[in-house]
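User: Here is a protein for us to read together. Please show it, and I will ask about it step by step.

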Amino acid sequence: MYTSPRFGADASPLKERMTIHLGMDFFVEPGKPVQAPLEGVVHLLANNAAPLDYGPLVILKHDVKEAGEFFSLYGHLTTDT
């Protein structure tokens, strides 16, 4: 799935090639609001501007009684307001 050398073992902090995408991609028009399916708190705001990276992103921390704690990432956002 990831064929660029930027996803190779030499580029990874874990020294492993990234080969699997563990997520779902949704495409919407720029400027549309993003809504999380579950309540959460902002864990991280960042702009990963390196080529092929997430760009502007938000990571939410969720704490669901039945499932425990987990995080969701919303990337490739826009900095335009």
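**Ser 72 and its surroundings**

User: Leaving aside neighbours within four places in sequence, which residues is Ser 72 in contact with?

Analyst: Contact means heavy atoms within 4.5 Å. We skip the neighbours of Ser 72 within four places in sequence. What remains is Val 58, Ile 59, Leu 60 and His 62.

User: What kind of model is this, and what is its average pLDDT?

Analyst: It is a predicted model, where local features need pLDDT of at least 70, side-chain atom pairs count only at pLDDT 80 or more, and totals for chains, interfaces and linings use all residues. Residues are numbered from 1 along each chain as its sequence is written, and side-chain values use heavy atoms, without hydrogens and water. pLDDT is the predictor's confidence in each residue, from 0 to 100. In this protein, 73% of the residues score at least 70, and the average is 79.

User: Is Ser 72 buried or exposed?

Analyst: Buried means under 20% relative accessible area, exposed over 50%, and partly exposed in between (1.4 Å probe, protein chains only). Ser 72 has a relative accessible area of 16%, so it counts as buried.

User: Which side chain makes a polar contact with the side chain of Ser 72?

Analyst: A polar contact is a pair of N or O atoms within 3.5 Å; within protein, one must be able to donate a hydrogen and the other to accept it, and residues adjacent in sequence count only if both atoms are side-chain atoms. For the side chain of Ser 72, the distance is 2.6 Å. The partner is the side chain of His 62.

User: Which residue meets Glu 69 in a salt bridge?

Analyst: A salt bridge is a side-chain nitrogen of Lys or Arg within 4 Å of a carboxyl oxygen of Asp or Glu. The count comes to 1. Its N to O distance is 3.3 Å, and the partner of Glu 69 is Lys 61.

User: In which strand is Ser 72 found?

Analyst: Strands (E, at least two residues) and helices (H or I, at least four) are DSSP runs, numbered from the N terminus. The protein has 0 helices and 3 strands. Ser 72 is found in S3.

User: Over how many bridges do S1 and S2 pair?

Analyst: Two strands pair if DSSP finds at least two bridges between them. S1 covers residues 41–48 and S2 covers residues 55–64. Val 42 stands opposite Leu 60 in S2. The antiparallel bridges number 7.
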